[in-house]
Amino acid sequence: MEWCESMPKVELHAHLNGSIRDSTLLELARELGEKGVLVFSDFEHVILKSDRSLVEVFKLFDLIHMVTTDHTTITRITREVIEDFASENVVYLELRTTPKKNKSIGMTKRSYMEAVVEGLKSISSVDVAFMPHDVDARSSLNSLPIDNARNVTPRKRIYVRLLLSIDRRETTEDAMETVKLALELKDVGVVGIDLSGNPIVGEWTTFLPALQFAKENGLDITLHCGEVPNPKEIQAMLEFWPQRVGHACFFQGEDWEKLKRLNVPVEICFTSNIRTNSVSSIDVHHFADLYKANHPLVICTDDSGVFSTSVSKEYSLAASAFGLGKKEIFQLARDAIEFIFAEDEVKTILKQMFDSFVTNLA
Ligand code: 5GP
């Protein structure tokens, strides 16, 4: 675990509201409890429950959104989530979130995203590079996790890019609004679109026009795919040929074949899949087969707050469950650089950061 924590890592599948700190969530709920908006003890009970089905997870998200969805809180949790990932040596984070509207508090999808960007700007404890072309090789290399020679802990630096999520409860028009917003926000580090939300809700065809429009306009796309058995949708999603897919728990023969043929990288979220019963245990996780086949993979957290995990813990799990040594784990983490949505300059810097980490250890 210590090794997994110390090495640089890339996180490509993290939902903002799912990555909220437990302590922050309880603090916010207690405040609303005191104002009589909710009953704190009921809320606390749901939050602290450890095993939840996928359906229960989505009920929990509705509760989380009740306490988090105002501008100030969104700014705060963005800051905290980035600080938390940086503290475990994540050097590149693609953070995804669903822009939300709430007329009663004057929130639009745009103002929601402005609150996220405000969070990015407000971080002072670590160096955050989120604007395109904000690539400073020298300061990145100076901020490597360990500097044995000088025995000092340098200031951490994290590259952050944003993905805007379309929730499966949304309409075609909502989805299109999100994609247009993403295009307008490229300058503040938005690089792509995610399709997420309860997988038993909504139809793929509802979102296809917006996703197609996103693709045509140069945004990269990742889809939550095969979280429940739905062969028709899995095939349609693969047909669309996204840049990455998340989960892939309920793929069958021809789905695997197509995924491998198209070489679509898979975002693997062990703890999330097991806690939601999408995969019965880690030793039967599809990671093993994909890893053996040399298929592009990236290990991620999904919702580090909701599932009480971290990127380091997920790598540790992979190491112990599949007998991977330091060398293999490091290689897996480094290979993920190829699947990021940021520009090539960032990839080059990240590769240098990973390689310098090894040099520093020698
Ligand atoms: P937010 O977009 O509000 O920042 O993050 C929480 C949202 O992410 C949830 O409401 C849900 O739409 C999506 N999400 C989080 N975890 C999962 C997951 O495991 N599967 C799917 N399909 N969606 C998820």
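So, His15 has Arg96 as its bridge partner in strand E2. Strands here are DSSP runs of E with at least two residues, helices are runs of H or I with at least four, and both are numbered from the N terminus. I call two strands paired if DSSP finds at least two bridges between them.

Before I go on, this is a predicted model, so local features need pLDDT of at least 70 and side-chain atom pairs count only at pLDDT 80 or more, while totals for chains, interfaces and linings use all residues. Residues are numbered from 1 along each chain as its sequence is written.

Back to E2. The other pairing I want to show is with strand E4, residues 157-167: six bridges, again parallel. There, Tyr92 stands opposite Tyr159. How many of the eight residues of E2 are buried? Eight of the eight, so strand E2, residues 90-97, is largely enclosed by the rest of the structure. Buried means 20 or more other C-beta atoms within 10 Å of the residue's own, exposed means 12 or fewer, partly exposed is in between, and the C-beta atoms are placed from the backbone.

Strand E6, residues 220-225, pairs with E7 in the parallel sense over four bridges, and Thr222 sits opposite Arg244 in E7. To get from E6 to E7 the chain goes through helix H10, residues 231-240, in a right-handed β-α-β crossover. Right-handed means that, with the strands pointing away from the viewer, the path from the first strand over the helix to the second runs clockwise. E7 and E8 then pair in the parallel sense over two bridges, with Gly246 partnered by Glu267 in E8. The crossover from E7 through H11 to E8 is right-handed as well.

Now some backbone angles. Most residues other than glycine have a negative phi. His247, not a glycine, has a positive phi of about 85°, and you'll find His247 in strand E7, residues 244-247. Is His247 buried or exposed? His247 is buried, because 27 other C-beta atoms lie within 10 Å. Asn263 also has a positive phi, about 60°, but its place is the loop between helix H11 (253-262) and strand E8 (266-268).

A quick look at Phe270, in helix H12, residues 270-275. With 23 other C-beta atoms within 10 Å, Phe270 is buried. Leaving aside neighbours within four places in sequence, Phe270 is in contact (C-beta atoms, placed from the backbone, within 7 Å) with Ile282, His285, Glu314 and Leu317. The C-alpha atoms of Phe270 and Cys300 are separated by 8.0 Å, and the two are 30 residues apart along the chain.

On to the ligand. Which residues come nearest to the ligand? Leu16, Asn17, Thr97, Thr98 and Ser196, out of 17 around it; near means a C-beta atom, placed from the backbone, within 6 Å.

Zooming out, the protein chain has 16 helices and nine strands. Of its 362 residues, 44% are buried. And among contacts with a separation of 6 or more, 72% come from residues 24 or more positions apart. The C-alpha trace spans about 55 × 50 × 40 Å along its principal axes.

Definitions and conventions
Contact = placed C-beta atoms within 7 Å.
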